Amino acid sequence: MRLIIAVVLALALAVATSVYADRAALSVMATTGSWSYEIKNANPVGGGKDFCQPNKVYVNYDQTHVYVTMYNCTMSRVKIKIENKATVPLCLTPKGQVIEKNSVELLPKDRNINLEYTFYANGTLTFEKKIGRCGGG
């Protein structure tokens, strides 16, 4: 009888350990690069009256930032291309000297997304990144 109880307890422990290990592996995958994106391009575009002409705006970027400097003007439109490398949904919220503050949702099927932002001052645009859909949906 003791042998049967020992075998049942050993099996229960093995199953519990297996389930925990699977969850831990999934958690590690979700936090080690499966939720990344990269800014692939950023360029000034014309915006009409009261906007800088593209030749008066200097735009530079790296993987996660867009840097804008305007010369003799105060508002500029910048077109940004983001490459989605995530395997989970992402919610990106723009931070910086831009008028648009709405979050952008990137789903795993969305490989590239084009966005346009209005800069009201020289500065840097970054994105606050969260795993999951925007608005908790």
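Start by selecting every bonded cysteine in the protein chain and numbering them in sequence order: the pairing reads 1-2, 3-4. That makes 2 disulfides, where a disulfide is a pair of cysteine sulfur atoms within 2.5 Å. Bear in mind that this is a predicted model, in which local features need pLDDT of at least 70, side-chain atom pairs count only at pLDDT 80 or more, and totals for chains, interfaces and linings use all residues. Residues are numbered from 1 along each chain as its sequence is written, and side-chain values use heavy atoms, with hydrogens and water left out.

**Stop 1: Cys52 and Cys73**

Cys52 sits in the loop between S1 and strand S2 (57-61), while Cys73 sits in the loop between strand S3 (66-70) and S4, so the bond ties together parts that are 21 residues apart in sequence. (Strands here are DSSP runs of E, at least two residues, and helices are runs of H or I, at least four residues, numbered from the N terminus.)

Now colour by accessibility. Buried means under 20% relative accessible area, exposed over 50%, and partly exposed in between, with a 1.4 Å probe and protein chains only. Cys52 counts as buried because its relative accessibility is 2%; Cys73, at 21%, counts as partly exposed.

**Stop 2: Cys91 and Cys134**

Next, pick Cys91 and Cys134, a disulfide with its sulfur atoms 2.2 Å apart. This link is right-handed too, with 115° about the S-S bond. It connects distant parts of the chain: Cys91 is in strand S5 (residues 90-95) and Cys134 in the segment after strand S8 (123-131), 43 residues apart. Is Cys91 buried or exposed? It's buried, at 10% relative accessibility, whereas Cys134 is partly exposed at 21%.

**Stop 3: the sheet**

Switch to cartoon and select S1, S4 and S7. They form an open sheet of 3 strands in the order S1-S4-S7, with antiparallel pairing; two strands pair if DSSP finds at least two bridges between them. Strand S1 (37-45) and strand S7 (112-119) are at the edges with a single partner strand each, so one side of each has no neighbour in the sheet. From one strand to the next, the twist averages 25°, using axes that are lines fitted to C-alpha atoms (for helices, over the stretch in contact) and angles from 0 to 180 degrees between N-to-C directions.

Finish on strand S4 (residues 76-84), which pairs with S7 in the antiparallel sense over 8 bridges. Zoom in on Ile82, and opposite it in S7 you'll find Ile113.
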